[in-house]
Amino acid sequence: MPPQPNHDPITGRSMSGPILLVTILLVLSTFWALYDEFFGTRPWKAYQARFASKYSRLLQEKLGEQKKAEEDVRNSTAFQRIEQQTREAEEAVAPQVSEIDREVRDLDRRITVLRDAFQIARGEVTALIYQVEVASSERAKEKFRAQVEQVRQRLVEVELPVPDGTTENRSYIYDELESEYDRLKERKAELIAQRVRLLESANQLRAQRDTYLKDNLVGLSPLALEGILRRTKEAPIKIRQIHVKEADLVERCESCHLGTREPLLITAADMGGERVFASHPNGELLALHDPERFGCSPCHNGNGRATASVVKGHGRHKYWLWPLYHPENVEAGCQQCHVSDFVLDHAETLNRGKELFRLRGCIGCHRYEGFDNQNEVLVSVQKQLQQLADRRKDSEIEAERSIQAGDRAETNQEAQRLYQHAENLRVRASNLDAQTDQLQRRSGNLLREIKQVGPSLKEIRVKLQPGWIPVWLTDPHEWRPTTKMPRFRLQDDEVQAISAFLWQNAIQARLPRQPRGNAVRGKELFETRGCTACHSMGEGENQVGGTFAANLSRVGEKVNYDYLVRWIHNPRERTRPYCPFEKRDLTPADYAKHGLPFEFDLDHATCPNDGHQLQVQQMTVMPSLRLTWQDTRDIATYLITQRRQGANDYAAADFLEDNSLFETGKSLVRHYGCAGCHEIAGFEQEGRIGTELTLEGSKPIERLDFALLTHEAEREGWYNHKGFFEHKLADPAVYDQGKVRKPEERLRMPKPNLAPDDIDALTTFLLGSVNPTVPEQFRYNPDDRRKDIQEGWWVVTKYNCMGCHQIRIGKPSVLMTLPRYQDPDWREQLPPNLIGAGARLNPDWLAQFLANPALSESNLNRNGVRTYLQARMPTFNFSPGEIRKLVRFFQALSSQPLPYVPPKIEPLSDQERTLARQLFTHPAAPCLRCHATGDAVHDRTANAPNFLTAPERLKPDWTRRWLLDPARISPGTAMPSGLFRQEGERWVFAGPLPPTFRNYSGDHANLLVRYMLQITPAEQRLLLSRMARASSPSTVGLAANLLKSH
Amino acid sequence: MNLRNIAAFASLFLLLLVIGCGSAEQPAEETAATEAAPAAEPIDPATAATISGKVSFEGTAPRRRRIRMDAEVACAQMHSGPVYSENFVLNDNGTLRNAFVYVKSGLEGRSFPTPPDAVVLDQKGCMYTPHVVGAMVGQTVRVLNSDQTTHNVHPVPKNNREWNRSQAPGANAIEATFARDEIMIPVKCNVHPWMKSYIGVLKHPYFAVTGEDGTFEIGNLPPGDYTLGVWHESLGSSEMQISVAAQESKTVDFVLEKAG
C-alpha cells in the first residue's frame, strides 16, 4: 500500500467544480436576466405575436367570405345590368374619344415646340422692357424701345411637328407666335372639355356601379380587408401608447388589447376565446369618446402606464388607488364626467343606481351634490330675502337722513346733491322690491318642488289604523316586501316609543265621512286611469304595475277609508298648512284671528300671521287625476278591499296614548333620522344624519370602517371600495359584527332590502362618485340645449313621466309593458309617445298644457287633448320652474330652437278652402270619423284629438310629416299610412279625388296642414253640417247627432 | 458525484427555461358543430293521412253583440237585418264557427312550398270576410275593399311587422305577406272599431277554419305524432296529442268551454 501523500491544500483541492458551478449559474442567470428583460417584464410581446397570428387567420377567413360575397354582388343581375350599361356607354363614345385623344397628343407636341420658342422670345422682350424702365435718360430709353421693337419684328423659326410624324418649318414674328401658341392651348382645353362631356354618362354609370357594390356588400370590402391584413402582418412588436397631453395621460392598454379599435368587429370566440383581443363591446360609445382624446383609464380606471403584468396594468393592486372597474360596475367610470346627467345613454346600471339613490330615499340621510337640494336652496333664498329686507331698510333710513341734511344744507348745490342722493336710494329700494318679489315667488316655487320620499307622519292619526303602526315599524319588508321603507334595527320598546311619539305628535282632525263606492268599477278605473304606471297590485309573481310607488295589495289593512278618498281625490291636500317662518302648522284659529276662512291652496299660500309663503301641499310627487268624487270613492272602495286580514285583526296598541313614551320616542326619531324621509311636526328643519356621499368613491380606504371584518376582507379579497359598498348595502349592520356597543352607538343605517342587481347599481354609482382626476374640459357640462336635456331628466324622472309615456327610443313606458296593454284594442289606449314631441308641440302651448292638462278651468274631469283616453294626464302642480325645464327638455330633445317663432302659415285662398273642405268631408278621407269633434255621442268612438286643438298645439313641419307617414313617428298608431302618394315633386291624396281637384297643382298634404292649422270652431261646424247633409235622410245617424250639439 | 448533481440541476433549469420560453399556450380549437337542418322529405300521397272532426261548444252561449253601424251609412245600407259581432258564432248544431284548427307541432324540420295563390280578405259591409283565415308564411294576403267608404287595414301582430294602411273605396287591393308564423294576428280597422279579423300564419299548410257546420278537415298529412291546436277568438286555445298512421282517416272533436 503506497504511502498516502500529504494533502496539499493548493494542488490537492481543485476549485474547478465550484467554479464550474458558479460559472454555469452566472451564465444561466445572465440568460435569465436577458430573458426577463426582453420577455418576462414585457408580456405584451407574446400577446402581440399571438394577436398577429390569430387575427391574420381571422382576416384570411373573412377575406374569403367577403370575396365570395363581392363576387355574388358582382354576379347579381342588377350589377351586371349597370356594368353592361357602363360598357355600352363607353363603347358608344369610344371612337370620338380616341379621335380627341389623338388630336390632343398632336397638339401637345406642337404646343411644346411653340412654348419653348415663345418663352425664349418673351424672355428677351421682357429683359429689354426692364432696361427701358430702369434707363436713366430719355435717350437711352428710346434706344431700348427700338431694340424691343426690333426683337418683336424678328422672325422666329420653328420646326412644327405635323400629324403624319414629320415636321414643317414655320416662321412667326413675336405677336403671331403668341397668338398661335394661345390658339393651340385653347383648342386643347376645348377638346378636353368635349371629352369629359362625352364620357359623362359612362362615368356616372361607373359611380352608380361602385355605389351599388358598396351598398350591397355587408361588411368590409375585400380591398379593405387586404389592407388590414397587410398592416397586421407587418406590424412591428412594440408598445402601443396613447398620449393625451392636456390630461397628462399615458395609456399603454392597447399593447395587449390590440383588437379594441379594429375596424373588423372581433369577438373573443374569433380569437380562440381570448377576451383580451376582442373589439370594444360598444362601438358607438367609443366613437363618442375617441381614445386619442380621452384615453382608456378615465372611463375604466386601471394603470395605463403599467405593462409588466396584467395585475399591474389593471391596477388591481393594494397600492394603486384606481383599480380597473369590474364588469358589473364598469359604468362607474361614466359618473366622473357625467355627474349632472340623471339619465345617460349607454349607462343603464348607473342610471338605475341614481334612480335607486333617490327613490329608495338614500337621499333622505345622505347629501349628494346635485340631487334634489330644494331644501338647501330654500334656506339660502330665505337668507337672501332677509338681507334684502335689511338693505331696503338701510336705504330708507339713509334716504331720510339725506333729505334732512338737504333741508339744512348751506348751499342750494349741496341741497340738490343730497336730495338727488335720497332719490337714488329710493329708486334703488324699489329695485330691491322687484328682487324681493321674485325671491318670494321663488321660495313659493321651491316649497312646491320639495318632495319627500315617505308620506307625512303628521297625518297618521287621520290616516292609519293604530294597530298597524308597530307592526310596520318592526319589519316593513315582512308586511310589504317591495317597500322603499328600510328596516331599522329596533327593539320592541323602541318600536313602541317611536309609535307613541308619532301618534301623539300627529294632527288631530276629523275628516268628512265618505260613502262607499262600487269596488268593481273602482278596480276597472284603477287599472285604466293610469294608476298602474306607478303602483302595482298583487304580490310576488302576481305583481302587476309600476314600481315607482307603493304596491297596494294590502293597503286596505292600514288606512282609513275617508282619508283614502281624500288622498286619491287630491294627494296634495293637507289637513293643516305649515308656516316655515313660524316653524309650525297653522290651525283654523290662526285664520279666524284675522277674520279669514280656513282656506289654503296654491292660490292662497301666504301665512295670515306674517305673510310668508306656506307649505300648502303634501310633499308627495303623487299628482291629482282630477277624478270626480264618485270615481274617487269607487277606486278607494276597491283599494280598501285589498287586504289579507281585517284592520281589527292587529293587536291593540294602547301604548300609543302613553305619554311617558313621548320623549323617548322623540329622541329615537331624531337618532334614526326619520325626518329625512318623512314630514314630522317639530322636525321640519332637521338636517340629514348620514355622511355626504358625493365623493365617497375617492375616500381613502383607511377611512372606510371595515371594523372587525378588515382581516376577513383582506383574506377574501374584498378589502376595497367595491367590497365595502356591496357588503354595507346588503346588510348595513355588517360592520357591527363582533363589536361591543351600546344600542345607541350601533350603526344606524337601516337595511334597504335590495336585490343583487340593485346592489350592483348602487355600488356602481358610489364607485363613480369620486373627486374627478380628469381635467375640467373632459367633464360633460354643456351650456347649450344639451344642458336643457340634462336638467329636464331630473324633473321627468322625479314625476315618473316614463310610467305612461315613452320618451327614449327603445325604452317602453311602464304601461306599455303591462298585460292589459298587450291587447290590440287597449294598445290604442296608451298615452302618447313623446319621442319627437318637441318637434310636434308649440312650446307655449305645452307650458299651458302642463299647468292645466284638462285645458279647461271648469271641466276638469277629462283629458285636454286626447279626450278618448281612459288614462288621464294628471295635474302635477308643477312649479313654473319645473314647467320651464320640461318644455325646454322636450324642445331640446328634438333639436328645436327656443324661443319658438311660429312660421307664418299661408292663408287659404277661397278655392283652396273649398278644396280642403271637400277633402275633409269626402268619404275617402274620413278624418272626422276618428278625430274628436266635441260632440259627446260622436266622441264616444273617437280615437284621435280634436282638430280645434291643432292651431295652437302643432308645428306645421311635424304635422306634414305626420300626415305622410304617421307610423314612422309613432309605430302602432291608429292613424293609417299611405293617405298620400308622391306624384313628381308633390304629394297628392291617394284616394279618389273630387273632380274639382283636377285643376289644383299644389301639394295636397300642405293644403291640409294649412287648413288644419287655421281651423276655427265655425269652420268645424260647417264641416259637420256638410257631412250630415251628405248622408241620406233616412240614415242621418251620427251626423245628425253632431249637428244637434252645435 | 457533485458534478453530476449540478449537471442534473442545470439541465433541469435549462428545461424549465425552455418550457418558460414556449409557454405561450395554444387554446384548444373550438369545435362548433353546426346542426344541419333535416332535409325536407316530400309527402308521399300514398301514405298521407287525414284528420277531421268538429269543434263544439259546451255551456251557455253568451249574448251576441249587436253592431251599430248607423254612423257609416254606406255600410249600414248593405245589411238588411241587424248585424252581430262574429266573435262568437254558434251553429245550429251546437258547433262553433270561426275556430282555427291547426297542427301545432310535429312537423318541425319539414319545409313546405309557399302556395302561389293569395288568401283573400274582403271588407264588405264594414265586416271582414272571412272573419278568421289562415295563410302560410310568405303567402300573399290580398285585402280588398268592396265598400263605398275608406277603411284602414291595421294588423297588430306580436312577432311580425306591424303596418297600418288606408284603403279608399275602389283603391287597389293591398297585398301583404307575413314573414313569421303567428297564432293569431288580429286585423282591425281604426275607423270602424267593430271590424276585426284574425289571420293565422303557419309554416305549413295544415290548418282549417270551421264553417257553418263546425267541421274541419286537414288532409295530405304525413303519418306521425302531432299536437293539434284549436284557437277561438272568445274561448281561447286548446290542444290535443294525436298520432296518425299511414293512410289513416282519424276523427277528433274539440269541445271548448266558456272561460271563467
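**Questions on chains A and B**

Biologist: How many residues does the contact take from chain A and from chain B?

Modeller: Chain A gives 36 residues and chain B gives 33, where contact requires that the C-beta atoms of two residues, placed from the backbone, lie within 7 Å. This is a predicted model, in which local features need pLDDT of at least 70, side-chain atom pairs count only at pLDDT 80 or more, and totals for chains, interfaces and linings use all residues. Residues are numbered from 1 along each chain as its sequence is written, while chains are lettered from A and ligands numbered from 1 in the order in which they are written.

Biologist: Which element gives the largest share of the side of chain A that touches chain B, and what classes of residue does that side have?

Modeller: Helix 1 of chain A gives the largest share, 4 residues. The side of chain A that touches chain B has 19 nonpolar, 14 polar and 3 charged residues. Here Ala, Val, Leu, Ile, Met, Phe, Trp, Tyr, Cys and Pro count as nonpolar, Asp, Glu, Lys and Arg as charged, and the others, Gly among them, as polar.

Biologist: Why is helix 38 of chain A called oblique to helix 40 of chain A?

Modeller: The axes of helix 38 (residues 956-964) and helix 40 (residues 1004-1012) of chain A come within 9 Å and cross at roughly 130°. Angles under 35 degrees count as roughly parallel, over 145 as roughly antiparallel, 65 to 115 as roughly perpendicular and the rest as oblique. Helix 38 of chain A is therefore oblique to helix 40 of chain A.

Biologist: Which residues meet where these two helices touch?

Modeller: Pro956(A), Thr959(A), Arg960(A), Leu963(A) and Leu964(A) of helix 38 meet Ala1005(A), Asn1006(A), Leu1008(A), Val1009(A) and Met1012(A) of helix 40. By class, this contact divides into 7 nonpolar, 2 polar and 1 charged.

Biologist: What makes strand 14 and strand 17 of chain B edge strands?

Modeller: The open sheet has 4 strands in the order 14-4-16-17 (chain B), with antiparallel pairing. Strand 14 (207-209) and strand 17 (236-244) of chain B each pair on one side only.

Biologist: How do you know that strand 4 of chain B pairs with strand 16 of chain B?

Modeller: Pairing needs at least two bridges found by DSSP, and 5 bridges join strand 4 (residues 100-105) to strand 16 (residues 224-232) of chain B. These two strands therefore pair. Phe100(B) stands opposite Trp231(B) in strand 16 of chain B.

Terms used
Axes are lines fitted to C-alpha atoms, for helices over the stretch in contact, and angles run from 0 to 180 degrees between N-to-C directions.
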